[in-house]
Amino acid sequence: MTPTSTLGSKQRAERRIAVRLPMQVTGRDSRGVVFTEETSSENLCRNGAAFVTRFQVTVGCDLDIRIPMSHPTWRRADADFITKSKVVHIGAGSTHGEIFVGVQFTGPRFQRVFRSESAA
């Protein structure tokens, strides 16, 4: 699969942080079938995220994102982050049957700050 993007050569306004957080993604695949999938983020910033999915989605489609904000190692539990998003990038995943998806949040922005897992 060839990566596609509506961003072209534009640079992101914010740097994405490599962090794996559990995510629930709900939307419609390219055939219009509703799906809900448990996955995890590959990277994240206030305005968007990237993750892998096994569902065929298209650039421009809308997805609902939920990131649980409670974790046994975190000092406090916040309300889950829930937002709407639009697919802006699609590429091949690292394993067969996976699709790498980049989304821009069109609802609330992500307010929690994490340190990159690669910096740990």
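Is Cys-45 buried or exposed? Cys-45 is buried, at a relative accessible area of 9%, where buried means under 20% relative accessible area, exposed over 50%, and partly exposed in between (1.4 Å probe, protein chains only).

Some ground rules before going on. What you have here is a predicted model, so local features need pLDDT of at least 70, side-chain atom pairs count only at pLDDT 80 or more, and totals for chains, interfaces and linings use all residues. Residues are numbered from 1 along each chain as its sequence is written, and side-chain values use heavy atoms, with hydrogens and water left out.

## The overall picture

The protein chain has zero helices and seven strands, so its pattern along the sequence reads β-β-β-β-β-β-β; helices (H or I, at least four residues) and strands (E, at least two) are DSSP runs, numbered from the N terminus. Of the chain's 120 residues, 38% count as buried. The accessible surface comes to about 7400 Å², and 50% of that belongs to carbon and sulfur atoms; the areas come from the Shrake-Rupley method with a 1.4 Å probe, and for residues only the protein chains shown count as cover.

## How the strands pair

Two strands pair if DSSP finds at least two bridges between them. Start with S2 (residues 22–28) and S3 (residues 34–45), which run antiparallel and are joined by seven bridges. Gln-24 has Glu-38 in S3 as its bridge partner. The two strands make a hairpin with five residues between them, and Gly-32 in the turn has a positive phi of about 90°.

S3 then goes on to S4 (residues 48–53), again antiparallel, with four bridges. This hairpin has two residues between its strands, and Cys-45 stands opposite Gly-48 in S4.

From S4 the pairing jumps to S7: six bridges join these antiparallel strands, with Thr-53 opposite Ile-99 in S7. S7 also pairs with S6 in the antiparallel sense, over seven bridges, and there Val-87 has Val-103 as its bridge partner. S6 and S7 form a hairpin with six residues between them, where Gly-97 in the turn has a positive phi of about 90°. S7 is mostly covered, with five of its seven residues buried.

In a regular strand, the side chains alternate between the two faces of the sheet.

## Cysteines and aromatic rings

Back to the cysteines: Cys-61 is buried as well, with a relative accessible area of 14%. A search of the whole structure finds zero disulfides (pairs of cysteine sulfur atoms within 2.5 Å).

As for rings, the structure holds three aromatic pairs. In one of them, Phe-81 and Phe-110 sit edge-to-face, at 4.9 Å centre to centre and 90° between the planes. That pair links distant parts of the chain, with Phe-81 in strand S6 (residues 81–92) and Phe-110 in the segment after strand S7 (99–105), 29 residues apart. The rule is that rings of Phe, Tyr and Trp (its six-membered ring) pair if their centres lie within 6.5 Å; planes under 30 degrees apart count as stacked, over 60 as edge-to-face and the rest as tilted. Phe-81 is buried at 10% relative accessibility, and Phe-110 is buried at 3%. Phe-81, Phe-105 and Phe-110 form one aromatic cluster.

## Salt bridges

A salt bridge is a side-chain nitrogen of Lys or Arg within 4 Å of a carboxyl oxygen of Asp or Glu, and by this rule the count comes to six.

| Arg-54 | Glu-37 | 3.4 Å |

Arg-54 is exposed at 56% relative accessibility, whereas Glu-37 is buried at 6%.

Lys-86 is partly exposed, with a relative accessible area of 31%.
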